[in-house]
Amino acid sequence: MFWLQQIFNGITQGSIYALMAIGYSIILGIIGLVTFVHGEVIMIGAFAGFFMVTFLKANFFLAVLAGFAASWLLGIIIERVCYRPFRSGPREIALIATIGLSILLRSLSQVTFGTEQKLMPDLLNSHFIPLGQIRITNIQLLIIFTVFILALLLHQFFYKTKTGIALRAVSMNKQAAALLGVHVNRTILLGNALGCALGGVSGVLLGIYYNSVHPVMGASVAMKAFTATVFGGIGSIPGAALGGILLGIFENLGVAIFSSGYRDIISFSILILILLIRPQGILGRKELER
Amino acid sequence: MASFKQKLVYFLSAIALLMFPWFIQNDYWLRVAIMIGLYIILASSLNLINGYTGQFNIGHAGFYCIGAYTAAILATRYHFSFWLLLPLSGIVAALFSILIGLATLRLKGIYFSMTTLGFSEIIRLTVLNWASLTRGPMGIPGIPLPELFGFHLASNRHFYYIVLALTGIMLFLSKRVISSRIGRAWIAIREDEDAARAMGVETFRYKLYNLIFGTFWAGVAGCFYAFFTSFISADSFTLDEGFSILAMVLVGGQGNLIGPVIGAASLTILPEIFRNMAQLRLVIFGAAILIMIYLRPQGLAGSSILSQKYHYPKIQRHSPPKHQGQQEVSP
Amino acid sequence: MTAILQTANLSKSFGGLHAVEAVNLEVERGHIHGIIGPNGAGKTTLFNLLTGTYTPSRGEIYFNGLSITRLSPERIARLGIARTFQNIKLFKYMSVLDNVKIGFHTQTETSFWDAFFHTSRFHRDERIAAQKGFEILTRVGLAKHADDLASNLPYGTQRKLEIARALATQPQLLLLDEPAAGMNPAETAELIDFIRKLNQEGLTIIIIEHDMKLIMNLCHRITVIHHGEKIFEGTPVEVQNHPGVIEAYLGKGRLNPSAV
Amino acid sequence: MSKKRLILALTIIFSIAGSVLAAPAGTVKIGLSAPITGNLAEYGENFKYSVLMAADKINANGGIRGRKLVVDIQDSKGDPKEAALIAQKFVQDQEILATIGEFSSTSSLAAAPIYERYGLVQLSPTASHPDFAKAGQYMFGIIGTQDAEGPFNAKYIAKKYLKLKSVAAIYVNNDWGLVTKDRFIEAARGEGIKVTSQQPFFETEKDFNAVLTKIRATNPEGIFIAAMYNEAALICRQIKKLGWNVKLMAPSSVFSEKLLEIGGEAVEGLATNTFFALTDPDPKVQVYINEFRKRAGRNPNLHAASAYDSALLLAEAIRKAGFNRKAIRDQLAQTKNFPGITGKITFTPVGDVVRKYKILVVENGQWVVKKDYTQ
């Protein structure tokens with residue numbers, strides 16, 4: 001029962017990671033560059049959900065939508081500010097722009113939203129659903145369900161729609177995609193906005209799951225998104241989802257087996273091991289070399 | 001070969017830097033100057049790795065941390081002298097880099113970066129958890145003052161000269177290495193690894209040398225920092241610290257020696273100038289970074305040529321996308 | 001005459017694709033050996049196998065009678081095989097002279113110690129690199145560009161610099177991958193003379209080229225590759241008259257417009 | 001930019017900065033070093049409000065020896081390196097007679113050698129690290145060290161009030177959390193309470209399910225939560241969500257309105273201690289609380305109150321000792337029964353304060369002082 005409970009907790013946490021990782025993976029694929037502003041994207045999404053809930057008394061669905069929309073917009077801004085001006089320059093320049101924007105956004109939201117942690121009200125009457133001997137809350141189930149639905153929709157989007165296929169083409173090879181008539185600039189903008197919007201949704205879910213939003217919440221969760229992305233494999237949506245869930249499970253089992261102080265050491269060690277044994281990640285494409 | 005005018009400039013700068021503590025008479029700005037020196041070593045050593053072989057290390061704080069803790073532990077427990085610990089901390093940091101390098105240098109770009117990132121966090125978390133060695137979150141206080149011929153070096157002025165000497169030695173040796181066969185091999189690896197191998201450059205070995213040389217100085221900087229502040233804790237070696245060192249390199253301009261110097265100086269002074277902005281301080285700092293790279297995407301010193309002729313390509317703003325038709329595939 | 005380079009059953013496949021299949025190649029010392037074939041025939045893959053960039057799936061490579069099959073590119077370069085690349089791979093943001101200086105990497109031995117203290121060995125190595133590098137640049141007519149950035153050179157000149165850089169490693173065998181691509185007829189003619197001169201000085205050269213005039217003019221022997229397999233080998237005259245070669249080119253040529 | 005021009009520019013910047021540092025005469029300046037930006041900004045903000053309130057109050061009453069009290073606020077981002085740099089700035093500025101800071105023990109300790117070397121008081125409202133006050137004669141801490149709080153928590157809260165036979169601890173993995181946990185665990189063992197598990201977590205964590213599930217498996221009667229109020233509230237919520245009925249207790253750091261707001265029902269019954277209570281009938285406490293609420297829009301917490309007392313303490317010491325750093329230090333060391341809003345303050349020879357704790361419990365969503373258990 002102890003182990004099952006730990007694994008289930010891991011899956012819930014992991015499904016939020018999975019959503020972050022999918023978003024991060026899309027950005028990484030399409031921009032070809034790690035981003036340091038993703039934590040702030042998640043935070044802004046969480047705050048959008050928070051304002052929706054506290055001021056407009058919105059429900060779960062609208063809160064998620066608000067997070068999606070706010071971070072989508074932020075994604076467009078990020079693309080305009082950090083990526084587009086430096087498209088033809090060395091990649092590192094765009095990276096430093098994301099560091100600068102991250103500092104700017106984080107401190108700006110401390111100034112405007114206040115420095116304190118905010119309470120995210122319970123949107124649903126949280127209660128237990130007994131499942132054998134483990135305890136599951138309805139919120140946990142809702143989160144897993146939401147992430148699952150989103151992942152399915154994304155999969156359909158990427159493989160069935162023209163835009164989705166264009167996105168994949170651009171993240172594989174920009175020149176070739178351009179030759180095939182894909183509007184590369186617009187697709188990059190769209191991909192970055194979509195990746196950010198997913199980050200925003202995961203921010204709202206984080207806020208709901210832990211009942212709190214905080215201007216400085218982004219930094220540590222962004223690290224998790226990053227780790228989960230590498231776990232699963234860059235540029236692979238199912239991989240990122242799997243990586244997120246595995247990371248959640250590893251973390252919880254890590255605490256269960258070792259001391260909780262070693263939890264992040266364990267996940268980072270696994271990260272490095274995976275990089276050494278299978279750099280492309282569990283389900284990643286092999287040819288990606290950057 | 002340096003011309004007479006260049007030599008004169010070097011000579012005058014050296015005099016100015018040596019006279020600085022007497023000229024300034026202000027311990028606070030002297031301390032800022034010392035921090036600049038420290039960050040010049042850190043940023044320049046990162047630049048050796050990122051700017052000269054094109055590897056992208058984003059976990060430099062990890063090596064800095066190793067140097068600082070090596071010095072702190074050996075100085076407080078075994079009373080090693082500062083002068084011995086300077087190279088020793090560098091060597092320990094470099095040993096870790098060999099470990100990392102042997103495992104990961106064969107990985108391509110972004111995977112190497114991720115490994116360094118993970119490594120940096122592992123080091124910090126290990127420091128926090130291994131309390132019997134590092135005192136964990138308590139940090140290590142009471143690191144003794146360095147001694148020289150029986151004198152205790154206590155004042156900021158002393159530390160200023162130490163860091164000035166270290167920075168000077170570091171930059172001097174870096175310049176000599178870079179303008180030698182080794183440096184050329186590094187730059188060749190950065191420019192095109194396949195071509196470098198075809199020229200007989202043992203890329204793996206030279207990347208490893210590069211990592212060792214770069215991280216050695218991060219370790220030295222860590223040792224200096226430990227003795228300078230006399231108290232260290234894991235809080236000083238977060239990923240954010242690594243990112244800000246990276247920011248110094250990139251804002252200053254990587255791939256030349258003067259860039260990180262200017263980057264370290266400006267990113268250390270800027271927050272001090274904005275001190276009175278209170279809450280808005282970091283907002284302005286973030287904006288300043290963005291503005292600087294907008295104005296000079298190649299870095300503040302991007303176009304100055306010190307030892308190598310190295311330019312970034314001119315960046316074209318708002319280049320219209322080539323919207324090519326489907327039929328244009330074959331000539 | 002002895003063979004400087006030999007391959008036995010050399011094969012390379014990527015997944016299911018047989019890029020090079022059981023190629024037996026023999027290059028005589030002192031020859032200029034041409035390799036031709038339609039686009040995608042596996043010529044560049046063959047070069048990549050010979051220089052160690054790819055490891056063969058099967059087969060062996062002998063250089064001066066010694067197996068170099070699984071050696072790394074840098075080891076092979078050290079043994080005396082130099083190459084140029086089809087898609088020019090210069091060190092773009094280094095000066096022209098520095099590009100050539102890299103070629104002396106294997107002939108110099110400056111260590112960290114020498115660099116730190118500018119020992120006599122450092123000075124000797126720098127002198128070798130600078131003097132000989134300049135000599136080579138003079139030979140290819142690039143001396144006046146010595147301080148320019150490599151990326152600022154015109155396309156055809158960049159190809160020359162690549163050859164200069166390869167020559168700096170003092171090779172016994174030089175592999176040229178489409179050296180005339182992007183050159184105008186005058187430059188090509190100049191290149192033909194230059195290659196011939198190098199060969200007369202004793203350098204063995206293998207050359208991949210689509211410019212039939214250059215190939216037929218220069219080569220002692222020609223190997224024709226098609227679909228990764230060697231379909232013919234002979235003198236230029238024999239190749240020109242071989243029906244299989246013509247078919248490989250023209251038959252394919254209608255489907256693949258970019259060949260020849 | 002050439003190196004020479006850079007140096008020239010630097011020199012100019014330095015000399016301008018040096019010349020504008022002088023302040024107008026007729027004022028008394030104290031320094032406040034606190035995290036105004038960065039991850040700890042919300043704690044630094046409390047310091048800022050309280051210290052400025054104290055200064056306004058003193059100036060409304062005629063200042064110190066007829067001079068106006070001015071606070072020089074410097075932002076450390078919670079970074080030890082910056083705290084040390086601020087220390088250097090303060091000791092350099094001869095106008096500054098004493099300083100308040102830092103928030104965290106780590107930053108306070110990093111700055112301590114400089115304050116000590118140059119002889120300037122560093123009075124920390126919150127550093128409870130036992131090594132802090134010992135770091136030099138110019139270091140003072142008024143929050144009371146864990147050497148005293150730990151035994152109180154063990155004896156009065158755990159044993160007498162909650163009547164625990166076994167307890168587990170979850171603590172934030174920083175110097176404060178570790179010391180708090182260690183002192184409590186030591187004392188609890190001394191009281192014959194069984195300790196079933198001790199688990200750390202990192203400051204930025206949000207998910208405690210795993211570690212709580214693990215602690216729960218050891219089946220303690222109570223859990224000691226050594227965390228700041230933000231994390232403590234989340235931990236309590238997650239305990240509730242696990243459906244775990246365990247008695248909750250925590251050190252004084254959780255005393256805050258925020259705990260009630262974020263914790264909601266989940267913190268019901270949580271027991272802690274305090275020497276500052278919102279319900280304190282003392283008029284000067286009520287005046288402070290009202291004023292703080294007016295300025296900050298929320299109720300003060302222990303940190304805020306402690307910062308307020310720090311400022312009053314310094315003002316008092318300056319009034320008595322005059323405008324001399326050393327004299328102020330000596331005066332401060334002799335402080336006896338200073339009537340602060342957090343109780344009577346008397347420094348021990350090392351520069352700590354021994355506090356009188358009261359048990360504070362969350363009942364019906366309010367902080368309630370349990371008078372019967374006051375030490």
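**Entry 1: an aromatic pair in chain A**

I looked up Phe250(A) and found it partly exposed, with a relative accessible area of 30%; here buried means under 20% relative accessible area, exposed over 50%, and partly exposed in between (1.4 Å probe, protein chains only). The model is predicted: local features need pLDDT of at least 70 and side-chain atom pairs pLDDT 80 or more, while totals for chains, interfaces and linings use all residues. Residues are numbered from 1 along each chain as its sequence is written, chains are lettered from A and ligands numbered from 1 in the order in which they are written, and side-chain values use heavy atoms, without hydrogens and water.

For ring pairs I used this rule: rings of Phe, Tyr and Trp (its six-membered ring) pair if their centres lie within 6.5 Å, with planes under 30 degrees apart counted as stacked, over 60 as edge-to-face and the rest as tilted. By this rule the count over all chains is 55 aromatic pairs. One of them joins Phe231(A) and Phe250(A) edge-to-face, at 5.7 Å centre to centre and 75 degrees between the planes. Phe231(A) belongs to helix H9 (residues 218-232) of chain A and Phe250(A) to helix H10 (residues 237-257) of chain A, 19 residues apart. Helices (H or I, at least four residues) and strands (E, at least two) are DSSP runs, numbered from the N terminus. Is Phe231(A) buried or exposed? Phe231(A) counts as buried, at 1% relative accessibility.

**Entry 2: other rings**

I traced a cluster linked by ring pairs whose members include Trp186(B), Tyr209(B) and Trp217(B) as well as Phe112(C), Trp113(C) and Phe117(C). I then checked for charges over rings (NZ of Lys or CZ of Arg within 6 Å of the ring centre and within 35 degrees of the ring normal). Arg165(C) lies over the face of Phe91(C), 4.6 Å from the ring centre. Arg67(D) lies over the face of Phe323(D), 4.0 Å from the ring centre.

**Entry 3: chain contacts**

Which chains have the most contacts between them? Among the four pairs of chains that touch, I found the most contacts between chains A and B; contact means heavy atoms within 4.5 Å. No contact joins chain A and chain C, whose closest C-alpha atoms lie 12 Å apart. Chain C and chain D also lack any contact, and their closest C-alpha atoms lie 21 Å apart.

**Entry 4: nonpolar cores**

I searched for nonpolar cores, meaning sets of buried Ala, Val, Leu, Ile, Met, Phe, Trp, Tyr and Cys residues joined through side-chain atoms within 4.5 Å. In the largest, of 209 residues, Met114(B) and Phe224(B) touch the most other members. Helix H2 (residues 27-52) of chain B supplies the largest share of this core, 17 residues. Leaving aside neighbours within four places in sequence, the contacts of Phe224(B) include Ile34(B), Leu38(B), Phe82(B) and Phe159(B). A second, separate core of 135 residues includes Ile36(D), Phe90(D), Leu120(D) and Leu162(D).

**Entry 5: the parallel sheet of chain D**

I followed an open sheet of five strands in chain D, in the order S2-S1-S3-S4-S5 with parallel pairing; two strands pair if DSSP finds at least two bridges between them. Its edge strands, S2 (68-75) and S5 (139-141) of chain D, each pair on one side only. The twist averages 25 degrees from one strand to the next. Eight bridges join S1 (residues 27-34) of chain D to S2(D), and Thr27(D) stands opposite Lys68(D) in S2(D).

Helix H3 (residues 80-92) of chain D lies across S1, S2 and S3 (96-101) of chain D, at about 150 degrees to S2(D). Axes are lines fitted to C-alpha atoms, for helices over the stretch in contact, and angles run from 0 to 180 degrees between N-to-C directions. Helix H13 (residues 325-333) of chain D packs on the sheet as well, touching S3, S4 (121-124) and S5 of chain D.

**Entry 6: the mixed sheet of chain C**

I found an open sheet of six strands in chain C, ordered S6-S7-S8-S3-S9-S10, with mixed pairing. Why is one side of S6 (81-83) and of S10 (229-234) of chain C left without a neighbour in the sheet? Each stands at an edge with a single partner strand, so one side has no neighbour there. Three bridges join S6(C) to S7 (residues 173-177) of chain C in parallel, and Arg83(C) has Leu175(C) as its bridge partner in S7(C).

**Entry 7: a hairpin in chain D**

Last, I looked at S13 (residues 358-363) of chain D, which pairs with S10 (residues 271-274) of chain D in the antiparallel sense over four bridges. S13(D) also pairs with S14 (residues 366-370) of chain D in the antiparallel sense, over five bridges. S13(D) and S14(D) form a hairpin with two residues between them, and Asn364(D) in the turn has a positive phi of about 50 degrees.
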